[in-house]
Amino acid sequence: MTSNNTIFGTQFTSVPDVPAGSPLICDASSDIFSRPIDINKYGIVYAGAQKNLGPSGLALVIIRKDLIEQGPKTLPSMLQYRTHHNADSMYNTPPTFGIYVMGLVFKWILKHGGLEGMGKQNEDKARPLYDYLDRSSLFKPATDADSRSLMNVTFVTGDADVDARFIAEATSEGFDGLKGHRSVGGMRASIYNAFPKEGILDLVRFMQNFESQNG
Ligand SMILES: *Cc1c(COP(=O)(O)O)cnc(C)c1O
């Protein structure tokens, strides 16, 4: 499973049941450590670092020991989890700077209440934007209320020309990266752990102004 669909802006709110004996494997690249998870339910959780953990260039893997042992030995050694496990993740020279920064991010998370704190902070951050999208007569959320992502807020006006004008005006005001993924269009506000609430309040104010001029 992918716990947060970065492109559509949807997120699982519960962990799906899997048949007995089947390990649940989760790509959590875009919502790792954004909220508490019950790690016992997973066989593997992995995440690229570049969204919630630190700089690009490494991935965090949490894997059950029996799954390390079950991995085929016919894979190239670099692609076997046992290789990295047996070498304390230092089989080759690891990306030390990225690991160092990830350690700083873990300390920052702990200082802000750990995963519970992150979860509360992320709900508090996304709420004003979703509340505005629910009341706006110009912008509409691109997702259903029961599966909305707290990390990637996707929305549309329903008119591709107005979307393009909104993105251009927003960009010139310093709101960068609001263009939706090229495969879906529309807009996307990515508000990962590190993104401050003030940025969201500023965006909502900008959207309200845009709506009053274009609605
Ligand atoms: C960003 C992301 C990835 C990794 O993207 P790369 O650019 O290939 O490193 C993988 N899965 C999800 C869910 C993502 O959001």
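Where is Asp31 found? Asp31 sits in the loop between S3 and S4.

**About the model**

This is a predicted model, where local features need pLDDT of at least 70 and side-chain atom pairs count only at pLDDT 80 or more, while totals for chains, interfaces and linings use all residues. Residues are numbered from 1 along each chain as its sequence is written, and side-chain values use heavy atoms, leaving out hydrogens and water.

**The sheet around that loop**

S3, S4 and S5 make an open sheet of 3 strands in the order S3-S4-S5, with mixed pairing. (Strands are DSSP E runs of at least two residues and helices are H or I runs of at least four, numbered from the N terminus; two strands pair if DSSP finds at least two bridges between them.) S3 (25-27) and S5 (59-63) are at the edges with a single partner strand each, so one side of each has no neighbour in the sheet.

S3 and S4 (residues 44-48) run parallel, joined by 3 bridges. Asp27 has Tyr46 in S4 as its bridge partner.

**Back to Asp31**

Asp31 is buried, at 5% relative accessible area (buried means under 20%, exposed over 50%, partly exposed in between, with a 1.4 Å probe and protein chains only). Leaving out residues up to four places away in sequence, Asp31 touches Ser3, Asn4, Gln11, Asn52 and Met151; contact means heavy atoms within 4.5 Å.
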